[in-house]
Amino acid sequence: MEGVSVRKIKKICVFCGANSGKDVAFVNAAFHLGEVLGKRKIDLVYGGGKLGLMGCVSTAVAQHERQVLGIIPSAFTINNLVGETCGKEIKVATMQERLVMMMELSDAFIALPDGFGTLEELFQMISWAQLSIHNKPIGVLNINGFFNGLLSFVDHAVKQEFITPRARKILISATTADELVDKLQAFRFEPDPALSKLKWSPSSSQKEKLDLTLRL
């Protein structure tokens, strides 16, 4: 990465789920991602619990003595639905509150193979970057081509002029954990000149939650 300015990343939020998937390669890659974060002294923010790929990543990071923070809706903790969080746990009331806290506490974001919930988190974070609510790098770990179809669809949307080439750069992809973290560190945010003028103000609540109300 000679000649490229490197972004300082101390905490990465990993979006993944309580499923392990059909292929053992997903489990192995999730563990390896956690090992890479640990070796690079990067702490983990994730959705809490110990099932599926969430458990793989968090366990590997903890084994390397890095901090692990699970942000979990209280509803998921009833009857121990997703297992015990590996590390510190913060309970929130809603899914939206969870995602806002993840955004505020993380320096970058990685999505692993999963279903609708992870895809929602991924695209919510991308859209917030497009609106200049944050300027943090976002990537997918494309294990065994899992995200090929998704990436092709995004490129198709660019060709059809529903996504701008500038916005397309927000979504990073790589096939290995080391390559992906390198790309996140090298990411340079290019705000949309028009959207960057939008004013997003924090709420005045005691918790200082981010107010995503658009001020025109």
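Reply: Contact means heavy atoms within 4.5 Å. Bear in mind that this is a predicted model, where local features need pLDDT of at least 70 and side-chain atom pairs count only at pLDDT 80 or more, while totals for chains, interfaces and linings use all residues. Residues are numbered from 1 along each chain as its sequence is written, and side-chain values use heavy atoms, with hydrogens and water left out. Taking the contacts with a separation of 6 or more in the protein chain, the share that joins residues 24 or more positions apart is 71%.

Me: Are H1 and H2 roughly parallel or roughly antiparallel to each other?

Reply: Two packed helices are described by the angle between their axes and the distance between the axes. Axes are lines fitted to C-alpha atoms, for helices over the stretch in contact, with angles from 0 to 180 degrees between N-to-C directions; under 35 degrees counts as roughly parallel, over 145 as roughly antiparallel, 65 to 115 as roughly perpendicular and the rest as oblique. The axes of H1 and H2 (residues 52-63) come within 7 Å and cross at roughly 30 degrees. H1 and H2 are therefore roughly parallel.

Me: How many residues in the contact of H1 with H2 are nonpolar?

Reply: On the H1 side, the residues include Phe 26, Val 27, Ala 30 and Phe 31, and among their H2 partners are Leu 53, Cys 56 and Val 57. Ala, Val, Leu, Ile, Met, Phe, Trp, Tyr, Cys and Pro count as nonpolar, Asp, Glu, Lys and Arg as charged, and the others, Gly among them, as polar. Besides two polar and one charged, the nonpolar residues of this contact number 10.

Me: At what angle do H1 and H8 pack?

Reply: In H1 (residues 24-39), His 32, Leu 33, Val 36 and Leu 37 meet Ala 177, Asp 178 and Val 181 in H8. By class, that contact has five nonpolar, one polar and one charged residues. H1 and H8 are therefore oblique to each other. Their axes are 9 Å apart, and the angle is about 50 degrees.

Me: Within what arc do the buried residues of H8 fall?

Reply: The buried residues of H8 are Ala 177, Leu 180, Val 181, Leu 184 and Gln 185. Seen down the helix axis, they line one face of H8, because they keep within a limited arc (taken from the directions from the axis to the C-beta atoms) of 135 degrees.

Me: How far apart in space are Lys 136 and Leu 184, C-alpha to C-alpha?

Reply: Lys 136 sits in the loop between helix H5 (116-130) and E6. With a relative accessible area of 17%, Lys 136 is buried. Beyond its neighbours within four places in sequence, Lys 136 has contacts that include Arg 7, Met 103, Glu 104 and Phe 187. Lys 136 and Leu 184 are 48 residues apart in sequence, and in space their C-alpha atoms are separated by 8.6 Å.

Me: Does Arg 98 count as buried or exposed?

Reply: Arg 98 belongs to helix H4 (residues 95-105). Leaving aside neighbours within four places in sequence, its contacts include Ile 71, Pro 73, Phe 76 and Glu 121. The relative accessibility of Arg 98 is 6%, so this residue counts as buried.

Me: What distance separates the C-alpha atoms of Asp 23 and Asn 144?

Reply: Asp 23 is in the loop between E1 and H1 and is partly exposed at 32% relative accessible area. Asn 144 is in the loop between E6 and helix H6 (148-159), counts as exposed at 57%, and has a positive phi of about 50 degrees although it is not a glycine. The pair is 121 residues apart along the chain, and the C-alpha separation is 9.2 Å.

Definitions and conventions: Helices (H or I, at least four residues) and strands (E, at least two) are DSSP runs, numbered from the N terminus. Buried means under 20% relative accessible area, exposed over 50%, partly exposed in between (1.4 Å probe, protein chains only).
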